[in-house]
Amino acid sequence: MIPSKKELLKAADRIAPYVHKTPVLTSNLLNELCKCNIYFKCENFQRAGSFKIRGAVNAIMKLSEEEKKNGVVTHSSGNFAQALSLAATSLGIRSYVIMPKSAPEVKKQAVEHYGGEITLCKPTLQARKETAAKIQKEKKATLIHSSNNTDVIIGQGTAGIELLNEHPNLNYIFIPVGGGGLIAGNALAANYFGKNCKVIGVEPLEADDAYRSLKSGKIESNHTTNTIADGLKTQLGDKNFPIIKKHVSDIIRVTEEEIIEALKLIYERMKIIIEPSSAVAFAGLVKNKSFFSNKKVGVILSGGNIDLKTFSFG
């Protein structure tokens, strides 16, 4: 069942004390480049560095008191690991985070700093799932998936509510697509709170499962994930895909070169730090700017967590 407008409004009120209302920034130079008015929703300034704490807080707060006593568990190598750890600590419960041994040290350190209890596993999806199931059984913790969880999806949609409250006449919102939680939640927000506002997903050509899924009508898998946008290597799930099919107008694919160029534009023109996955949404707009001339366009910058030791523009 697709979540209602009332559920999104309740989530916005529920999580408000635990998340930042992130700024919406503009750039005259980027407006001139794209020949449209762009409004960047800066979730790179969010707690734990990305939008994901919205869904994490909402999912935890929806648990029963008994479930809260036993804590929560997830498997993630990136932003959701950090978000769930901080959300759980903020709400006074324990969190168990399964991370692959190959995860960057900076991300492991962040999870520990936020209070998450890390269990390392082999760097495969199967190992992550099996280890999470083991911890879930041992600790009686509740498993919270990073993107294929209805309460997570609803929580992520609160970013779109904030954006549309500030700019209610947006014609389009561009959103990066990885696991599908962000775009599903904000497609709901655009449907309920926008005025004929269309949602455009953008993903790397090297990890284009969502593009193919929207075309085929069923969830497709990635054949490759060789992309600088490391946060977008996951695939859609059965909770978010029905929302995407119903409320997302189109998905655009961008090359690695286009992602890097968009990243450079944000860094050079806006003077803010974003991660490559965030630049993907803007890359889709730059690539297709002639179609959006004179329109009002929102772009969700999903996060700003990068490892400066290994990061390169290529």
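Because the model is predicted, local features are reported only at pLDDT of at least 70 and side-chain atom pairs only at pLDDT 80 or more, whereas totals for chains, interfaces and linings use all residues. Residues are numbered from 1 along each chain as its sequence is written, and side-chain values use heavy atoms, with hydrogens and water left out.

Helix H1 spans residues 5–15; helices (H or I, at least four residues) and strands (E, at least two) are DSSP runs, numbered from the N terminus. Within H1, Leu8, Ala11 and Ile15 are buried, where buried means under 20% relative accessible area, exposed over 50%, and partly exposed in between (1.4 Å probe, protein chains only). These residues cover an arc of only 60 degrees around the axis, which places them on the same side of H1; the arc is that of the directions from the helix axis to the C-beta atoms. An α-helix has 3.6 residues a turn, so residues three or four places apart point the same way. On the other side of H1, Lys6 and Asp13 are exposed. The cover over the buried residues of H1 includes helix H3 (52–61), helix H8 (150–156), H9 and helix H10 (181–193), contact being defined as heavy atoms within 4.5 Å.

H1 also takes part in the lining of the second largest pocket, to which H1 and helix H9 (158–166) each supply at least two residues. On a 1 Å grid over the protein atoms alone, a pocket is an open set of points where a 1.4 Å probe fits, with protein on both sides within 12 Å along at least five of seven lines, and lining residues have an atom within 4 Å of a point. The space in this pocket amounts to about 170 Å³; grid points are joined across faces, edges and corners, and the volume is the space filled by probe spheres set on the points. Among the lining residues are Leu9, Ala12, Ile15, Arg54, Thr158, Ile161, Glu162 and Asn165. H9 provides the largest share of the lining, 4 residues. By class, the lining comprises 6 nonpolar, 3 polar and 3 charged residues (Ala, Val, Leu, Ile, Met, Phe, Trp, Tyr, Cys and Pro count as nonpolar, Asp, Glu, Lys and Arg as charged, and the others, Gly among them, as polar).

Just after H6, Gly115 adopts a positive phi of about 105 degrees.

Positive phi also occurs at residues other than glycine. For Lys140, phi is near 60 degrees; Lys140 lies in the loop between helix H7 (125–139) and strand E6 (142–143), and is exposed, with a relative accessible area of 61%. Asn294, with a positive phi of about 65 degrees, lies in the loop between helix H14 (276–287) and strand E10 (296–301). Asn294 is exposed, its relative accessible area being 69%.

Within H14 itself, Ala283 is buried at 3% relative accessibility. Leaving aside neighbours within four places in sequence, Ala283 is in contact with Val254, Glu258, Ile259 and Ala262. The C-alpha atoms of Ala283 and Val202 are 8.0 Å apart, although the two residues are separated by 81 residues in sequence.

Two glutamates in loops complete the account. Glu206, between strand E8 (198–204) and H11, is partly exposed, with a relative accessible area of 28%. Beyond its neighbours within four places in sequence, Glu206 is in contact with Thr224, Thr225, Asn226, Thr227 and Glu256. Glu220 lies between helix H11 (209–216) and helix H12 (241–247) and is buried, with a relative accessible area of 17%. The side chain of Glu220 makes a polar contact of 2.7 Å with the side chain of Ser216 (a polar contact is a pair of N or O atoms within 3.5 Å; within protein, one must be able to donate a hydrogen and the other to accept it, and residues adjacent in sequence count only if both atoms are side-chain atoms). Setting aside neighbours within four places in sequence, Glu220 is in contact with Asp209, Arg212, Ser213 and Gln235.
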